[in-house]
Amino acid sequence: MDNYNPQNIETKWYEYWETNRFFSPDINDAEETYTIVIPPPNVTGYLHIGHALVNTLQDVLIRWKRMQGFKTLWLPGTDHAGIATQMVVERELRKKGIEREELGQEKFVEEIWKWKEHSGNMIFKQLRRLGASCDWERERFTLDEGLSRAVRKSFVDLYNEGLIYRGDYIVNWCPNDKTALSDLEVDHVEKDGSLTYLGYPFEDGSGELMVATTRPETMLGDTAVAVNPDDERYKAAIGKTIKLPLVGRLIPVIADEFVDPEFGTGAVKVTPAHDPNDFQMGKRHDLPFVNIFTKDAKINDVFKPLEGQDRFGARKNIVELLKEAGAFRKVENHGLSLGQCQRCKTVLEPRVSTQWFCKMKDMADASLEAMKNGEIRFVPENQGKIFDEWMSNIQDWCLSRQLWWGHRIPAWYCDDCGEIMVSDEDLVSKCTKCGSTNIRQETDVLDTWYSSGLFPFSTMGWPDDTEDLKLFYPNSTLITAYDILFFWVARMVMMGIKITGEVPFPEVFLHGLVRDENGEKMSKTKGNVIDPLVIIDKYGADALRFTLTSLIVMGRDIKLPEKTIEGNRNFINKIWNATRFTHSHIERLGTPKKLEEVNPGIFDSWILNRFKAAAYDMHRYLESYRFNEAAKAVYAFVWHELCDWYVEIIKPTLFGKLGEEACQASLSVLYHVLESSLRLLHPIMPFVTEELWQGLPTTDGTIMLAEFPRVEQSDLQGDPQAEMLIELVSLVRNIRGENNIKPNVKIDIIAVTKNQDLAKDIDSYKEIIFALGSIKNIAIRDAIEKSEGLAGGVGKGFEVFVDLTETIDVEQETKRLQKEKAKLLVKQEQIQKKLNNESFLSKAPDAVIRKNRDELAEIDVKIEKIDENLETIKAIK
């Protein structure tokens with residue numbers, strides 16, 4: 001066998017799998033199905049580390065279930081990603097000097113489709129490099145013909161039921177993208193701002209009310225001043241009329257319980273068209289709605305002196321005008337919570353506009369009931385509580401977006417009689433009320449998340465009663481990041497229950513986000529972005545997959561240091577070399593016998609039982625989505641128990657030291673455990689396991705369809721004799737390491753036990769103990785008088801000692817330890833100074849501070865151990 005090189009094997013095996021249609025559910029005739037639909041990445045997307053994580057976890061489950069004989073379907077798809085895709089194509093057109101408005105909606109959409117066919121779906125090619133075993137023959141797109149039909153059908157049904165409606169409402173408006181956004185598409189940020197106090201005079205000249213505002217420019221749209229009805233200061237003012245400065249508009253003083261008497265002066269200006277709370281107040285008191293902004297957030301013709309000015313410039317200029325008018329009173333510093341567009345980071349503008357909405361309360365209640373009844377379960381459990389809280393406070397969903405790319409809302413307007421027609425037909429040509437042909441279709445499109453919310457069943461053929469829908473819906477599970485619990489997961493649950501009568505999946509695993517090694521969010525500006533394709537080129541897909549799987553601790557974000565990926569590349573090398581070792585002995589000794597044809601020795605039985613324990617653990621951990629524990633179990637078994645212990649233990653046996661029968665038994669057990677371990681590892685590391693498994697003399701077909709090792713708890717058993725002998729050697733190795741005894745120095749040890757059976761086992765297997773511990777002699781006693789110079793360790797039922805007076809150069813070892821301690825003391829002082837520095841503690845990221853504290857704790861432990869060793873050596877003198 002050559003050395004392991006992932007570039008030599010990964011493309012080869014992926015082409016083999018795809019060509020042979022191993023990803024198709026048709027390869028298994030089983031009645032029991034297992035289905036996952038991919039969280040559809042944007043059609044504009046490229047593989048980032050978050051994609052690598054979620055798709056690795058899905059693939060682990062799919063491959064695991066496929067190996068258990070399930071009819072597995074992992075259905076891939078991409079999202080049309082309304083705003084994101086439109087922006088990409090607009091940028092491309094601008095390079096040619098073309099604006100989308102010049103083309104018109106239909107021509108512009110044609111340009112996007114051309115771009116999609118040429119440049120879209122790049123991420124699927126990249127997912128193949130990761131090893132994703134999706135059924136590419138079933139690939140879907142949220143704007144393909146079938147999914148578009150499902151969108152229209154569901155919209156019409158919900159509209160006819162009265163759940164979808166059109167109305168005027170205050171929405172989050174992005175002045176940059178010129179579209180409404182849902183609450184979930186808003187980031188809230190804290191910024192420094194100011195509170196401006198203005199004097200609003202009563203019309204009758206009897207005085208004024210002083211109001212406080214963070215947005216003085218919006219006073220141009222004020223239609224009332226509000227006070228709390230229980231505020232004694234203002235009871236006499238309620239019902240009076242105010243003359244609005246600059247504008248001259250007469251506005252009432254109203255009483256409303258929403259007003260907080262503690263904010264500002266307790267009197268607040270009411271701008272119903274530009275504040276969500278004022279909007280509700282305006283509705284309650286039947287106030288006029290005065291819009292003062294254009295769609296790009298500039299002052300409109302409501303006030304000519306500031307017309308055309310940007311809102312932030314107008315904010316400064318109106319204060320000057322108010323000062324000139326004598327209405328300015330004072331200004332104070334005040335923190336602001338601002339809503340920003342998640343995509344472009346523009347400060348959003350609350351704006352009253354006509355939009356399409358969906359009533360969510362009943363659907364949310366049905367979803368909560370399903371969770372309460374156990375029809376759907378969230379992992380980790382706390383995500384269910386977050387789901388509950390959000391669903392309990394849900395608002396109507398603003399469905400419409402002022403974009404050109406997306407699912408065009410299936411509504412038509414009659415310009416003659418005003419009738420609104422909603423239809424699932426591709427085209428409505430005549431008014432259903434007056435018969436006029438003077439009709440036009442709605443130009444707004446649906447929120448991208450609407451079509452994504454139908455994804456679990458629309459991809460299976462709904463609204464038709466297809467075979468796929470019968471077999472694969474509801475899906476088996478959903479794997480996705482916790483940050484789209486509300487964007488996507490909640491909407492799938494609500495839409496699934498409402499439209500199909502069933503939850504779309506019984507279990508949802510919400511994983512954390514991938515951060516850098518210091519726990520910092522990855523960003524291009526910080527320069528800490530990890531590109532999965534670069535990692536795959538450098539270490540191979542299997543190393544990346546195993547790393548991501550091993551780090552995904554439930555309920556936590558991932559810290560991803562590159563050195564961990566490198567370490568797991570070394571793990572693959574370990575497996576590779578263990579296979580080479582096995583091949584070398586098969587070439588020398590012949591094809592291994594079947595297990596039932598040999599008589600395993602003590603260590604053969606031990607490794608078989610340790611494999612059973614690893615297989616049992618991996619299965620139960622995957623069942624409960626404890627991916628990191630599953631990876632840890634197989635890693636510990638393969639690296640430490642199989643490679644570090646068993647392979648080393650049986651080397652003398654394989655060369656005939658214990659006879660032919662023992663040799664054949666160990667070869668058979670080694671082969672069986674290696675082959676089974678490759679199957680155990682396959683869901684996490686598909687490429688290298690296929691390569692190695694295919695090269696074994698007794699395998700046939702693909703490891704993808706080989707049986708996953710399944711062990712019941714009743715099959716598990718211990719091997720106390722072998723465990724004791726391994727523990728003894730481990731203790732000897734620890735003593736050697738702590739006291740810097742070179743590997744080539746053979747030592748005498750003393751084993752102390754009152755258990756005669758243990759003493760016999762030690763004596764029987766002393767040749768193996770000699771080889772593993774670099775030992776020349778073992779003295780077995782039932783007691784020992786402790787003396788200076790003895791270094792020891794305690795095992796289960798025994799103790800082991802090494803006489804240091806015969807094994808180390810006391811003077812040289814003392815110097816070495818003192819030198820090592822001196823280096824540690826310097827490092828200790830450096831870190832301690834950092835941690836005592838208030839400037840460092842106030843400026844450094846929390847992750848960096850934690851790292852320094854952890855390093856200091858490690859140094860303290862090392863210094864303590866060195867001091868213990870110096871005391872032991874001092875006693876020898």
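**Cavities and their linings**

Analyst: The model is a predicted one. The second largest cavity has a volume of about 30 Å³.

User: Why is this space called a cavity?

Analyst: The term applies to a set of grid points where a 1.4 Å probe fits but cannot get out. The structure holds two such cavities of 30 Å³ or more.

User: What makes F603 a lining residue of the second largest cavity?

Analyst: A lining residue must have an atom within 4 Å of a point. F603 lines the second largest cavity, as do W645, I649, L725, I726, V729, I768, I769 and L772. At least two residues of this lining come from each of α20, α23 (720–738) and α25 (766–773).

User: How do you know which classes this lining contains?

Analyst: Phe, Trp, Ile, Leu and Val count as nonpolar, and therefore the lining is classed as nine nonpolar, no polar and no charged residues.

User: What is the volume of the largest cavity, and which residues line it?

Analyst: The volume of the largest cavity is about 40 Å³. Its lining consists of I575, A578, V638, L642, C643, L674, S677, L678 and L681. Two or more of these residues come from each of α18 (562–589), α20 (627–654) and α21 (660–681). The largest contribution is that of α21, with four residues.

Definitions and conventions
Residues numbered from 1 in each chain as written. Predicted model: local features only at pLDDT ≥ 70, side-chain atom pairs only at ≥ 80, totals over all residues. Heavy atoms only, no water. 1 Å grid on protein atoms, 1.4 Å probe; cavity = no way out; pocket = protein on both sides within 12 Å on 5 of 7 lines; lining within 4 Å. Points joined across faces, edges and corners; volume = space filled by probe spheres on them.
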